[in-house]
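Hi everyone, thanks for making time this morning. Have a look at the screen.

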Amino acid sequence: MARKRKGRKTQRRRRSQGINLVNAGELYLQTAVLTRGLGGTNPLSFFTGVEQFNKQVGVGTGNKGQQVPMYSNAISYGYNPSGASITVPELFGAGGVSATQAQAQLVQNFKDNWFSMTVQTVAVRAGFAIGKKLLSKQRTFVNKGLKMTGIGSMVKV
């Protein structure tokens, strides 16, 4: 009978799998569903506070003599605390916005949009699950091509 080895078992080495672009795309879309429903903006703007908006350049007179804000035609990028969206910097009180007001609006947006966010989340998940099954052969072909170019260890599809 063979003697049992009493030494430490060598651990298997695991290669880094790299980033899966399909999973990254699904994650971005799931995040977009939540940030649109809760904050009214895309994920990048939600986390950084940088938005695109038309800058107010002055005040004009309306048809009935009231004052109306005038906006430039050029699109500006930057922090816009007077915008309709809610961003993470505003949740921490940046830009003169009360953090409690921003949090209360976030809760109200959730109450208003929870059903559509749920439907969109389920649809995105189902779409990616079906798409992965339907396109598995094409994904395998692309992954083989990526492996031949030498970036297969970093990127997967």
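**Surface first, then a helix pair**

So, the protein chain exposes about 12400 Å², and carbon and sulfur atoms supply 59% of that area. Please keep in mind that this is a predicted model. As for the inside, 24% of the 157 residues of the protein chain count as buried.

Now the overall layout. The protein chain has five helices and four strands. If you read along the sequence, they follow the pattern β-α-α-β-β-α-α-α-β.

On to the pair I promised. Helix α1 covers residues 21-39 and helix α4 covers residues 99-134; their axes come within 7 Å and cross at roughly 160 degrees. How are α1 and α4 oriented to each other, roughly parallel or roughly antiparallel? Angles over 145 degrees count as roughly antiparallel, so that is what α1 and α4 are. Their crossing is right-handed.

And who is touching whom? On the α1 side, the residues that meet α4 include Val22, Leu29, Val33 and Leu38, along with Gly25, Gly37 and Gly39. From α4, the partners include Leu106, Phe110, Met117, Val124 and Phe128, with Arg125 and Lys132 also among them.

Technical notes
Residues are numbered from 1 along each chain as its sequence is written. This is a predicted model: local features need pLDDT of at least 70, side-chain atom pairs count only at pLDDT 80 or more; totals for chains, interfaces and linings use all residues. Side-chain values use heavy atoms; hydrogens and water are left out. Axes are lines fitted to C-alpha atoms, for helices over the stretch in contact, and angles run from 0 to 180 degrees between N-to-C directions. Helices (H or I, at least four residues) and strands (E, at least two) are DSSP runs, numbered from the N terminus. Angles under 35 degrees count as roughly parallel, over 145 as roughly antiparallel, 65 to 115 as roughly perpendicular and the rest as oblique. A crossing is left-handed if the near helix is turned anticlockwise from the far one by less than a right angle, and right-handed if clockwise. Contact means heavy atoms within 4.5 Å. Buried means under 20% relative accessible area, exposed over 50%, partly exposed in between (1.4 Å probe, protein chains only). Accessible areas come from the Shrake-Rupley method with a 1.4 Å probe; for residues, only the protein chains shown count as cover.
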